Amino acid sequence: MKILNKIVIALAVLLAPAAASAQYFDHLTAGVAVGTDGVSLQVAAPVGEIVELRLNGSWWPSFIHTSVTRNLNMTNYDGTPRGASDVTVLFEPALKGGGLMVDLFTGSESPFHFTAGLSYGPASLLKVYNKEPFLEKSDWGTAGLKIGDTFITTDKNGICHLGIEVNQLRPYLGIGLGRSIPKLNPVSVSVDFGAYYTGPWGCWADGRNLNNVAKADHIQITSADVNNEDGGVLDVFAKIPVFPVLRFNVNVKLF
């Protein structure tokens with residue numbers, strides 16, 4: 001026991017200077033950022049001299065979208081024509097999520113850092129839907145758009161839904177410049193560059209397989225389903241496993 005006591009005392013003496021100088025959660029900042037993943041809010045705190053933790057959430061505001069108008073031919077499940085309409089289709093960026101980021105700096109005074117993190121959010125990367133109902137109300141939920149063996153049906157409000165979807169759990173790796181915890185000034189600026197691992201980007205739609213129209217389903221659409229009229233774009237998306245991130249952050253020290 002005497003030997004064990006001596007070892008504990010020796011470790012305490014050796015670690016005391018480091019513990020005294022380390023900054024463990026003694027500051028907190030709040031920040032806002034704009035980047036390829038939309039608008040972000042975050043809070044950050046230090047863990048020692050070379051590690052910072054960040055909790056963040058990001059989203060794309062729904063008003064940031066583009067639209068096209070196309071004349072579409074709609075049918076029922078059995079192929080009965082329900083008429084053609086000029087349909088305004090919205091393309092809305094929809095990536096959002098929240099997670100934890102860990103910044104590891106190359107030195108106690110260095111602004112350069114490596115970042116690892118994990119984010120979780122809805123699967124949608126891009127939402128595609130019609131702006132207004134374009135069918136008679138009696139056809140809502142039964143009529144829609146036929147693509148190959150897939151029938152993209154309208155919902156109970158007369159809206160068709162499809163879009164690009166990815167994994168909900170998204171690991172992150174990247175590098176950055178600047179600190180979330182300013183050392184001298186109350187405000188700091190930092191930059192992140194990296195990527196989320198999202199898994200393949202798939203185009204999915206709410207619809208029914210024409211081989212089993214009784215069952216509503218969430219179905220993936222491929223280039224073959226549209227007779228390659230997309231020029232293979234959907235199949236190219238399916239080979240993309242990451243979402244690149246370039247983000248500019250402004251942080252304000254709270255204490």
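The structure is a predicted model, in which local features need pLDDT of at least 70 and side-chain atom pairs count only at pLDDT 80 or more, while totals for chains, interfaces and linings use all residues. Residues are numbered from 1 along each chain as its sequence is written, and side-chain values use heavy atoms, with hydrogens and water left out.

The chain contains two helices and 16 strands; these are DSSP runs numbered from the N terminus, with helices (H or I) of at least four residues and strands (E) of at least two. Its radius of gyration is 26 Å, well over the 18 Å that the globule rule gives for 255 residues, so the chain is more spread out than a compact globule. The radius is taken over C-alpha atoms, and the rule is 2.2 Å times the number of residues to the power 0.38. Along the principal axes, the C-alpha trace spans about 90 × 45 × 35 Å.

Of the 255 residues, 37% count as buried, meaning under 20% relative accessible area with a 1.4 Å probe, protein chains only. Contacts (heavy atoms within 4.5 Å) can also be sorted by sequence distance: among those between residues at least 6 apart, 65% join residues at least 24 apart.

Ser 110 gives a local example. This residue sits in the loop between strand 6 (96-105) and strand 7 (112-120). Ser 110 is buried, at a relative accessible area of 17%. Its side chain reaches the backbone nitrogen of Phe 112 at 3.1 Å. Leaving aside residues up to four places away in sequence, Ser 110 touches Phe 105 and Arg 179.

Notes:
Buried < 20%, exposed > 50% of the residue type's maximum accessible area, 1.4 Å probe, protein only. Polar contact = N/O pair within 3.5 Å; in protein donor to acceptor, adjacent residues only side chain to side chain.
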